[in-house]
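Me: Hi! Could you help me read this structure? I'd like to start with how the chains meet.
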Amino acid sequence: MPEPVLRIERLSKHFGGLAAVSDVSLDLHAGGVHAVIGPNGAGKTTLINLLSGDLKPSGGSVLFEGWEIAGLAPDRIARRGIARSYQKTNFFPGFTVFENCRLAAQARLDSAMHFFRPAYAYGDINAAAERALALAGLESRAGAVALTLSHGEQRQLEIAMTLATSPKVLLLDEPLAGMGAEESARMVALIGRLAAEHAVILVEHDMDAVFSVASVLTVMVNGRVLESGAPDAIRRSKAVQEAYLGAAEDAA
Amino acid sequence: MSDSVIFFLIQVLNGVQYGLLLFLVASGLTLIFGIMGIINLAHGSFYMLGAYLAFYFAAHTGSLWLAVLIAVPLAVLLGLVLEGVLFRFLYKRDHLYQVLLTYGLILAFEETRSILFGDDVHGVAVPGFLDFSVRLTGTLSYPAYRLFMSAVCLAVAGGLYLFIQRTRAGMAIRAGSVNREMVQSLGIDIGLVYRLVFALGVALAAFAGMIAAPVASVFPGMGNQILIISFVVVVIGGIGSIKGAFWGALLVGLADTFGQVLAPQIAGMTVYLLMAAVLLWRPSGLFGRAA
Amino acid sequence: MSRSRLVLGLVLLLAIAALAAFPAMADRFYLQLVSKIMIMAIFAMSLNLLVGCTGLVSLGHAVFFGLGAYTLMVMSPPDEAASLWLSLPAALAVAGLAALLIGFLVLRSSGVYFIMVTLAFTQMFFYYVTGSKALGGSDGAYIYVKPDAMVLGVTPFSLADRVQFYYVVLLLMAATYLLLRIVLRSPFGHAIQGIRVNERRMRSLGFPTFRYKLASFVIAGTLAGLAGYFDAAQFGFVSPDLFGWRQSGIALMMVILGGMGTLYGPILGAFALVLLQEFLMDQTKHWLLPMGLFIMLAVLALPDGLGGLPGQLRTARRRLAVRRA
C-alpha cells in the first residue's frame, strides 16, 4: 500500500465547550474518492474547514506528502496543492465563467508582481482555465457572467475553479447540494473522472451518489469517526445502519 | 501633599471628566453603528446642536436646566425626522455611501448653524448653585461643576447599562444587533428598534453638548472635533460594545489630558498614537468582535 | 457591448481633445482652475485604485498627497528652483516608502477598523506637521520658485509658464489613466478586483492577499504623492491641511461621486466637485449648505455615481421598454 497523500491524525476542533471534531484520523490515497458521510452536525464541514485552513485545529496533525500543514493559513495550504470547493457557491458573481477560472488559475503564478502584460496574454493560465472548464463540462458557458448561471451550472463552476488551481488533493464539500437528478448524475460522473488524477475527499448527503463513486467511506457521528472502510463493509455494518443509514432510509 | 501629586490628581480628574463626557457621545455612536450598521459622521453635529440649543435657551430663559429640559426633546425630534427622511435609506447601503451622505449632512448642518447662530464663540454660564470650588484636600480645589458633570455622566452610563441589560427594550436592541431577521420573525418591529436606538444616540450626544457647554464653550467646529475623537473611542473600545466605549473613552480622556500637559508639541497626536497602538495589537478594538 | 465601448472611446478622445484645446480659449483663472482639477483627478484616480478596485476604503490617503507636496517644499531652496528631475522622484519615493510602511501596519485591520486606522494616520501627520516649526507649522510654508526642468543644460519646458504647466499636468493625468488601465488588465489587476469581491475565496484559491493589498496601497500612495507634488508646485504653498481628514474626505467624495465602477469616474468626480464648488462660492458665502445638500442628493439618487449614470439610464430605459411592451 503506497504512502497516503494525506494523513490525518487525531484531529480535533473545540469551540468553547463544544467538540465539533474529536480525535479524527483518516488516510487519503491517490486515485480514488474517499467519501465522508454522517448525519447533520457530525462535523464533516468542520473537518473540511480544518483541512483547508479556514479553521485552526485545537489538536492533532495533518500530513500532506509528509509535510505538517495543520494550522497553516488557507492560502499557504492551497498553494501546496490542496483545493476545496464550497457548499454554498463561493465565486466572483460579476466576472464571466472563464474569468472566474482564469483568476483561480492565476493563483499558481510565481509572484504577485505581474503588472504590465494583460491577463489574457498569459498562455499557461489560459490553458489551465480552459482545461478546468472542459473537465467540468462548462466550455459552452465560458463567456456567460457567473451570476446568470443556473444553480447546477454554478456548482459546476465551483468545481471548475478548484480544478483550475491544478491541485493534487480535492476537498469537495457537498458539491451536489441543491441539484436535480440529471445534474447530479453529471456531477457524479465528473467526480468519478477527477478521481483518476487527484486524491479526492468527498463530503455528501446523497447516498446513491456516494456509493456509486466512492472507494473508501468514513462515517462520522458527533464529531468522531464511527467506522471507516470499503463501501460494502460500511453498508453491511450494523453500527452504521443504526447511527445513520437507517435514519436516512426512514426519512426517504 | 506635594505640588506634583496635586497636579497629577487634577489631571486625572480632568481626564476622567473628559472621558466620561466622551463616553456619552461615543456610546451613541457605537450603538448606532453596532446595531443599525450605520457610520454616522454627523453624530458630532448632534453634540454641537445640543450645545447651541442650550446656549440659545439658556440665554432666553436664564436657566441651563430649563434649557436642557426643552432642548433634549427638540434634539430627539430632529433626530427622528432625520432618521425618517434620510437615514432609513442607509440601512442596506455600503459604508461608503453612509460616510458620504453623513459628510454632506455635516456640511449642511454647519452652514445652517452658521446662518442661524453666526460664527462667534459663545459662552454658557455655569449654573449659579454649582459655581464654586470643592475643597478635596488641604490645597487641592476642584470646580464643583466638573465633578457634577462626571457624576451625571456616570449616572447616565449606569442608566444606559441597566436599560440595555435589564429591560425588554434593551434586550430587543441587543438581539437586533446580532440577528436582525430573527428579531423581526419574533414579531418585534425592527424599524421601531432602530428608531429607538437612533433617538437614544441623538439624545446622548445632544445632552453631552449641553452639559459640556459651560466648560467647553460653544463654537463652530466643536462638532467635528468631538466626532473624530468619539470615533477613535469607538474603534479603541470595539464597535458595538458599550463596555468598550466606556473604557475606551476613559483611556482616551486620560491620554489626551496627560498628552496636552506632558508633551504639548505632540498634544494632538496622542489620541491617534493610542488608537494606532491598540489596533495594531487588537485589530478589532479592545472588546470588539472581529469584523 | 462593443458599441458602448466605441462610444466611450470616442467620448474620451473628444474630452482629451477639448482639454488640449482649452488653453487657446481660456483666461488665466480658468486655466489654473482646470490645472487644479486635473491634479485632483490624479489624486482621486489613485484613491480609486484602493477603494473602487481593491475594496480598501481609506480615509488616510491625504498623507501621501501631503508628503509629495512637502517633499518639494523641503527640497526647494528659498530663492532658487529645485530640480524637477531630483525633487519629483524624491517626492514619489517618499510617498511610496511611507505607503509601504503604513500599509504594512494598517492592512492587518479590515472593514471599519481599517477606515479608522487610516484616519488615525492622516490625523497624526496633520498634528505632527502642525507642531513642527521646521516644516512651517500651522502657517504652512512657501515655495518661492517653481521647480526647474533643466537637464544637461537644456530646459525642455518651464513650469512657471501657466500654459506649459497645464499641458504637463494634462499629460500626467492621461498617463495615470493609461497606467491604471494597464495595471487593471494585468493579472495583478484582476487579483485585486477579486479581493474586493471575495477576499476569502481568493485566499482559499491560494492568493497571498496581503501582498496584493500592500502593492495596491503603495501604487496608490505613490500616485497620490505625484498629485501632491504638482499641487504644491502650482500654488507655491503647503500647509498641514494637505494631510488632514478633510483632504482625504475630498478625494473620497470625488471617487464616490464620480463612480467607482469606472476608471474615468474619479476624473468626472473631480471636475464635478471643483466646478460645483466654484459655482456655489460665487452665489453665496454659505455655499457649503447647497454643497452638502447636493452631496446627499447625489448619494441617494446616484448609487453608482456620475460614471454609473449611463448604466443607470440604460437600466431605466430597459425597464420602461418592458413596461410598455
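Reply: Happy to! One term to begin with: a salt bridge is a side-chain nitrogen of Lys or Arg within 4 Å of a carboxyl oxygen of Asp or Glu. Also keep in mind that this is a predicted model.

Me: Why does 3.7 Å count?
Reply: Because the cut-off is within 4 Å, and the closest N and O atoms of Asp54(A) and Arg200(C) are 3.7 Å apart.

Me: And how many residue pairs are in polar contact between chain C and chain A?
Reply: The count is 14 residue pairs.

Me: Which helices of chain C supply residues to the side that touches chain A?
Reply: Helix H6 (162-185), helix H7 (187-205) and helix H8 (209-235) of chain C each give at least two residues to that side. The largest share comes from H7(C), with 14 residues.

Me: What kinds of residues are on that side of chain C?
Reply: They divide into 14 nonpolar, seven polar and four charged.

Me: How much area is buried between chain C and chain A?
Reply: About 2,600 Å², and carbon and sulfur atoms give 62% of that. On the chain C side, Pro187(C), Arg201(C) and Leu205(C) supply 26% of the area that chain C buries against chain A, more than any other three residues.

Me: New topic: aromatic rings. How many aromatic pairs are there over all chains?
Reply: A search of the whole structure finds 31. Take Tyr56(B) and Phe57(B): their ring centres are 5.3 Å apart and the planes sit at 80°, so this pair is edge-to-face.

Me: Are those two residues buried or exposed?
Reply: Tyr56(B) is partly exposed, at 36% relative accessible area, while Phe57(B) counts as buried, at 16%.

Me: What about Phe43(C) and Phe65(C)?
Reply: That pair is tilted, with 4.5 Å centre to centre and 35° between the planes. Phe43(C) lies in helix H2 (residues 28-54) and Phe65(C) in helix H3 (residues 62-75) of chain C, so the pair ties together parts that are 22 residues apart in sequence. Phe43(C) counts as buried at 0% relative accessibility, and Phe65(C) is buried at 0% too.

Me: Last one: which residues form one aromatic cluster?
Reply: Phe115(A), Phe116(A), Phe188(C), Phe207(C) and Tyr212(C) form one.

Definitions and conventions. Residues numbered from 1 in each chain as written. Chains lettered and ligands numbered in written order. Predicted model: local features only at pLDDT ≥ 70, side-chain atom pairs only at ≥ 80, totals over all residues. Heavy atoms only, no water. Buried area = accessible area lost by both parts, 1.4 Å probe. Polar contact = N/O pair within 3.5 Å; in protein donor to acceptor, adjacent residues only side chain to side chain. Helix = DSSP H or I, 4+ residues; strand = E, 2+ residues; numbered from the N terminus. Nonpolar A, V, L, I, M, F, W, Y, C, P; charged D, E, K, R; others polar. Phe/Tyr/Trp six-rings, centres within 6.5 Å; stacked < 30°, edge-to-face > 60°. Buried < 20%, exposed > 50% of the residue type's maximum accessible area, 1.4 Å probe, protein only.
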